[in-house]
Amino acid sequence: MTIYGTALLSICLLAGVSIGKVLGKLAGVDADIGGVGIAMLLLIFSTDWLRRTGRLKPPTELGVSFWGLIYIPIVVAMAASQNVLAALKAGAVAVVAGIAVVVVSFGLVGVLARYGQPAVTAEQESE
Amino acid sequence: MLDAIESIVVKYSLLTAFSVTGVTIWVSYQMSERLTRGRLHGSAIAILIGLILAVVGGLVTGGKKGIADIPLFSGIGLMGGAMLRDLAIVATAFGVRMEEFRKGGVIGAVSLALGLLMSFLVGGVTAFTFGYRDATTITTIGAGAATYIVGPVTGAAIGASSEVIALSVAAGLVKAILVMTTTPFVARFIGLNNPRAAMIFGGVIGTNSGVMAGLAATDPKLVPYGAMTATFYTGLGCLLGPSVVYMTVRALVE
């Protein structure tokens with residue numbers, strides 16, 4: 001049944017976000033810490049277990065994978081519902097801070113991605 | 001007649017959203033193929049069109065939710081809202097090898113710590129350069145440079161004025177939008193082409209919408225890896241902003 005897959009996915013997300021909220025509460029902030037990441041781990045472990053015990057049937061898989069495939073359109077809808085105008089009209093300090101942090105971030109990603117990796121993969125990728 | 005159709009389109013708003021988004025994506029992929037010969041990815045163009053629509057929505061309604069503030073397109077807000085977005089993002093992890101996450105675990109955590117501290121630093125220094133000298137404002141704008149959620153959460157916790165909180169939200173929005181639009185172009189130069197780099201990217205950049213859309217436009221296969229680390233960013237930022245960072249800034253400037 002395809003709904004089994006979608007139900008499993010939903011349960012993982014609800015559980016993950018709940019755990020993230022509890023972690024936030026324990027840390028004293030009103031925010032979710034790692035909810036989506038925890039949900040991803042729950043999904044990976046549960047589907048792996050179902051697959052090993054032969055209970056992950058193709059229709060069930062479909063109920064999960066459909067949502068992963070619809071991801072890009074959802075991101076487009078997310079972009080269309082951002083407060084872009086506020087960002088464009090904001091004070092110079094906000095615009096400069098936003099631009100500066102992106103430039104420095106990209107630089108930091110480049111440094112960490114290139115120089116911080118194990119020697120073997122560094123050789124493989126430097127070709 | 002027209003009224004009747006409009007009422008259906010509004011009533012079935014989620015279906016309207018699927019239709020509008022589907023057409024947008026089709027147009028984008030046609031443009032990608034015919035105008036750029038596939039060099040600019042279709043999803044990157046689609047996200048750009050989405051952002052332009054958001055500006056139009058803001059101009060027409062004066063609201064905060066882009067095109068979704070127009071009743072006709074209210075379904076876009078549901079479709080692109082946190083619930084379905086998180087459902088889709090978790091689904092992308094289906095079929096991902098646990099091995100990859102484990103390999104990137106340590107560097108992912110390092111990226112998170114460095115990325116957060118660097119954002120607070122860059123945002124704070126910018127605020128200082130613009131003449132702000134009080135710890136509350138510097139910290140809040142620094143928090144906004146992390147994400148547009150860390151900004152207001154931190155600002156509210158340490159008693160920033162609503163004007164400063166608005167600036168911090170704007171800084172976070174500028175960051176998210178820039179990451180969405182420029183990631184496909186810089187990916188090659190920063191080595192963003194493997195799961196490990198995507199985990200670093202998610203940890204350093206942190207802003208969920210920016211990371212998710214930026215990676216989707218670069219290579220959809222990298223999305224779950226970036227999302228895995230980025231999901232910890234906002235929560236940790238809200239934790240560090242009003243506490244460690246605020247106290248450090250106060251010790252430095254006051």
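## Where chain A meets chain B

Between chain A and chain B there are 0 salt bridges (a side-chain nitrogen of Lys or Arg within 4 Å of a carboxyl oxygen of Asp or Glu). This is a predicted model, in which local features need pLDDT of at least 70, side-chain atom pairs count only at pLDDT 80 or more, and totals for chains, interfaces and linings use all residues. Residues are numbered from 1 along each chain as its sequence is written, and chains are lettered from A in the order in which they are written, while side-chain values use heavy atoms, with hydrogens and water left out.

Let's look at the contact itself (heavy atoms within 4.5 Å). Chain A brings 70 residues to it and chain B brings 91 residues. The two chains bury about 6,800 Å² between them, with 82% given by carbon and sulfur atoms; buried area is the accessible area (1.4 Å probe) that two parts lose on being put together, summed over both. Met40(A), Tyr71(A) and Phe106(A) supply 11% of the area that chain A buries against chain B, more than any other three residues.

## Inside chain B

Now for chain B, which is divided into domain 1 (2–78) and domain 2 (98–253), with bounds from an automatic or database domain assignment. Taken over C-alpha atoms, the centres of these domains are 27 Å apart. Domain 1 of chain B gives 7 residues to their contact, and domain 2 of chain B gives 8 residues.

How much area is buried between domain 1 of chain B and domain 2 of chain B? The area is about 550 Å², and carbon and sulfur atoms give 85% of it. Between these two domains, too, the count is 0 salt bridges.
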